[in-house]
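The notes are grouped by topic.

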Amino acid sequence: MYTLAEANAALPRVREIVERIRVLVADAKIRQRAPHPAGDGPGPSANGHAKAPAGSDELRKLVGKLDTDGIVLRDPERGLIDFSARSPSGRDYLLCWLPGENEIGWWHWPDAGFAGRTPISEPPD
């Protein structure tokens with residue numbers, strides 16, 4: 001569980017991870033649309049298994065870093081993440097952040113999702 005101050009303090013490190021994830025996802029989308037020369041691309045490798053896309057190991061490691069820290073990547077393309085938090089009454093909620101936001105300015109209940117984002121100036125009870 002994060003406090004607002006802890007989540008904001010983590011943002012410089014998280015921002016770097018999320019930006020790298022977004023680059024890897026964008027690169028994967030470009031490669032997916034590009035035609036593959038014969039013998040190259042997502043077809044099976046010599047052992048009969050599908051080739052892992054370039055960057056997929058790095059992507060898994062980066063998402064794993066966030067997960068280990070209790071940070072949920074909701075939308076890798078947009079970089080939307082949630083930090084788990086607990087209200088003064090003991091109810092769990094999520095601090096919500098998107099790249100481009102200087103600090104965490106939104107929260108929502110777990111069942112409300114992004115559409116239920118509420119300004120941090122109206123804290124949960």
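Glu19 has a relative accessible area of 33% and is therefore partly exposed. In this predicted model, the Glu19 side chain meets that of Arg22 in a salt bridge, at 3.3 Å from N to O. The count of salt bridges comes to 9; among them are the pairs described below, Arg22 with Glu19, Lys29 with Glu77 and Asp57 with Arg60.

- Arg22 and Glu19 both belong to helix α1, which covers residues 4–33.
- The two residues are 3 apart in that helix, so about one helical turn separates Arg22 from Glu19.
- Arg22 is partly exposed, at a relative accessible area of 29%.

- Lys29 and Glu77 form a salt bridge through their side chains, with an N to O distance of 3.1 Å.
- Lys29 sits in helix α1, while Glu77 is in the loop between β1 (71–75) and β2 (80–86), so this pair ties together parts that are 48 residues apart in sequence.
- Lys29 is partly exposed, with 31% relative accessibility.
- Glu77 also counts as partly exposed, its relative accessible area being 45%.

- Asp57 and Arg60 are joined by a salt bridge in which the closest N and O atoms are 2.4 Å apart.
- Both residues lie in helix α2 (residues 56–68), and because they are 3 residues apart, about one helical turn separates them.
- Asp57 is partly exposed at 47% relative accessibility.
- Arg60 has a relative accessibility of 53%, which is over the 50% limit, so Arg60 counts as exposed.

- His108 is part of strand β4, residues 106–108.
- With a relative accessibility of 3%, which is under the 20% limit, His108 counts as buried.
- The His108 side chain makes a polar contact with the side chain of Asp82, at 3.3 Å.
- Neighbours within four places in sequence aside, His108 is in contact with Asp82, Tyr93, Leu94, Cys96, Gly113, Gly116 and Arg117.

How values were computed: Residues are numbered from 1 along each chain as its sequence is written. This is a predicted model: local features need pLDDT of at least 70, side-chain atom pairs count only at pLDDT 80 or more; totals for chains, interfaces and linings use all residues. Side-chain values use heavy atoms; hydrogens and water are left out. Helices (H or I, at least four residues) and strands (E, at least two) are DSSP runs, numbered from the N terminus. Buried means under 20% relative accessible area, exposed over 50%, partly exposed in between (1.4 Å probe, protein chains only). A polar contact is a pair of N or O atoms within 3.5 Å; within protein, one must be able to donate a hydrogen and the other to accept it, and residues adjacent in sequence count only if both atoms are side-chain atoms. Contact means heavy atoms within 4.5 Å. A salt bridge is a side-chain nitrogen of Lys or Arg within 4 Å of a carboxyl oxygen of Asp or Glu.
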